Amino acid sequence: MHVDDKNLVELGMNAQKSGRILLLACGALAHEVLALKQLNHWEHLDLHCLPAKLHNTPDLIPAAVEEAVVRRRADYDDIFVLYADCGTGGLLQSKCAELGVEMLEGPHCYSFFEGNQAFESRGEMTCFYLTDFLVKQFDAFVTKPLGLDRFPELRDMYFGKYTTLVYQAQVDDPALTEKARGHAEALGLAFERRFTGYGDLEVALARL
């Protein structure tokens, strides 16, 4: 059977993408996903991140995910969306169902890092949560967007109903713990550290 050059190219592309899965992730998860890939030798998983700042405008997340899925899906056997609901009010789940791709379970990263069942069972209403990423990027994602650097008197307006800052640690880093403790003091909150590891994020990736 004669195979022309065009067919050879197509066969090569199909062979190249065989078995590969694209992880379409929030930029806030980049470090953790790369660490899990290296730790578990998940060479069949490729990572593409959307800007972490989308969390400030969650209504834009579904459209951003759709654009990335449509643009990249021809290159992969499957795409897995590494977002929880993340404030989209179910719109992201509906969009993923429409696109025929799976996504992480849970309302937000604080839940799946701790484990969705464990987080739900706590029923906490007065805790403010930070992950490793947010401890490192506290000024960019908390202080400046809320204007606390310019109007520190707004602190009690924003955080007066909270009692505790909970640091969900993905890695055991004393320096990050002290940094998180400092953020709690700056917000006038009690401090609690929970070593969660990667929680349901690792479970979800292991399934792939």
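# A tour of salt bridges and a helix crossing

Start by selecting Glu 67 and Arg 71, which both lie in helix α3 (residues 61-72), 4 residues apart, about one turn of the helix. Helices (H or I, at least four residues) and strands (E, at least two) are DSSP runs, numbered from the N terminus.

Before going on, know what you are looking at. Residues are numbered from 1 along each chain as its sequence is written, and side-chain values use heavy atoms, with hydrogens and water left out. This is a predicted model: local features need pLDDT of at least 70, side-chain atom pairs count only at pLDDT 80 or more, and totals for chains, interfaces and linings use all residues.

**Stop 1: the pair in α3**

What joins Glu 67 to Arg 71? The two form a salt bridge, and their closest N and O atoms are 2.9 Å apart. A salt bridge is a side-chain nitrogen of Lys or Arg within 4 Å of a carboxyl oxygen of Asp or Glu. Side chains of opposite charge can pair when their charged atoms come close. Glu 67 is partly exposed, with a relative accessible area of 42%. Arg 71 is partly exposed too, at 45%. Buried means under 20% relative accessible area, exposed over 50%, and partly exposed in between (1.4 Å probe, protein chains only).

**Stop 2: a bridge across the sequence**

Now select Glu 102 and Arg 207, whose side chains meet in a salt bridge of 3.7 Å, N to O. Glu 102 belongs to strand β4 (residues 102-103) and Arg 207 to helix α11 (residues 199-207), so the pair ties together parts that are 105 residues apart in sequence. Glu 102 is partly exposed at 44% relative accessibility, whereas Arg 207 is exposed at 54%.

**Stop 3**

Go to Glu 114 and Arg 122, a salt bridge with its closest N and O atoms 2.3 Å apart. Is Glu 114 buried or exposed? Glu 114 is buried, with a relative accessible area of 14%. Arg 122 is partly exposed at 42%. In the whole structure, a search finds 14 salt bridges.

**Stop 4: two helices crossing**

Two packed helices are described by the angle between their axes and the distance between the axes. Show helix α2 (residues 30-40) with α11: their axes come within 11 Å and cross at roughly 50°. That makes α2 oblique to α11. Axes are lines fitted to C-alpha atoms, for helices over the stretch in contact, and angles run from 0 to 180 degrees between N-to-C directions. Angles under 35 degrees count as roughly parallel, over 145 as roughly antiparallel, 65 to 115 as roughly perpendicular and the rest as oblique.

**Stop 5: Ala 28**

Select Ala 28, in the loop between β1 (21-26) and α2. Ala 28 is buried, at 15% relative accessibility. Leaving aside neighbours within four places in sequence, Ala 28 is in contact with Ala 52 and Phe 133. The C-alpha atoms of Ala 28 and Leu 50 are separated by 8.9 Å, and these residues are 22 apart along the chain.

**Last stop: zoom out**

The chain has 11 helices and 7 strands. Its C-alpha atoms fill a box of roughly 75 × 30 × 30 Å, taken along the principal axes. Buried residues make up 42% of the 208 residues.

Terms used
Contact = heavy atoms within 4.5 Å.
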